[in-house]
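User: Please take a close look at one part of this model, with the cut-offs for each term you use.

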Amino acid sequence: MSKVSGLLLLPNGTRKDVTCDAGSFDDLRQHVDFQWFDVVRTENPEVSVFVDDEGLLKEDNPINIWSIVLLPEFGIAQPLAGPVFLFGGTNDVGEMLSLPQDVLDKIPSTLRPAAGFEVRMVDLD
């Protein structure tokens, strides 16, 4: 079975490269503890989004910053909780494909602020 590559987008704004067998998601369990996942429909047929099916129900499972900043570009308007996997679309028999390079090139390596970033309160009065 061939391997496909994608990204794991973590709630803290970091990302990881991941691979799994095209017909199985068992490899993804080494990165995230989940029993079931859902596929979130996107407007881009070259992108598949996978989330923990119980993500919104788990205590202390934060909203994923990527789902607020990046995923609206793919037509996903609802914030997603917990880790998010991005892979490519599917082939003619429904097997998952790797995330295309042109999509990968548009995704920043992190959403975390650079070292030395400082937040200051602004007096609006």
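All five of the five residues of strand β4 (residues 48-52) are buried, so β4 is largely enclosed by the rest of the structure. Buried means under 20% relative accessible area, exposed over 50%, and partly exposed in between, with a 1.4 Å probe and protein chains only. This is a predicted model: local features need pLDDT of at least 70, side-chain atom pairs count only at pLDDT 80 or more, and totals for chains, interfaces and linings use all residues. Residues are numbered from 1 along each chain as its sequence is written, and side-chain values use heavy atoms, with hydrogens and water left out.

Strands (E, at least two residues) and helices (H or I, at least four) are DSSP runs, numbered from the N terminus. Two strands pair if DSSP finds at least two bridges between them. Strand β3 (residues 37-40) runs antiparallel to β4, joined by four bridges; V40 has V49 in β4 as its bridge partner. Four bridges also join β4 to strand β5 (residues 84-87), again antiparallel, and V51 stands opposite V84 in β5.

The loop between β4 and α1 contains N64, which is buried at 0% relative accessibility. Leaving out residues up to four places away in sequence, N64 touches residues including L9, L10, P11 and V84, where contact means heavy atoms within 4.5 Å. A polar atom of the N64 side chain lies 2.8 Å from the backbone nitrogen of W66.

Helix α1 (residues 65-69) includes V69, which is partly exposed, with a relative accessible area of 48%.

Key: Polar contact = N/O pair within 3.5 Å; in protein donor to acceptor, adjacent residues only side chain to side chain.
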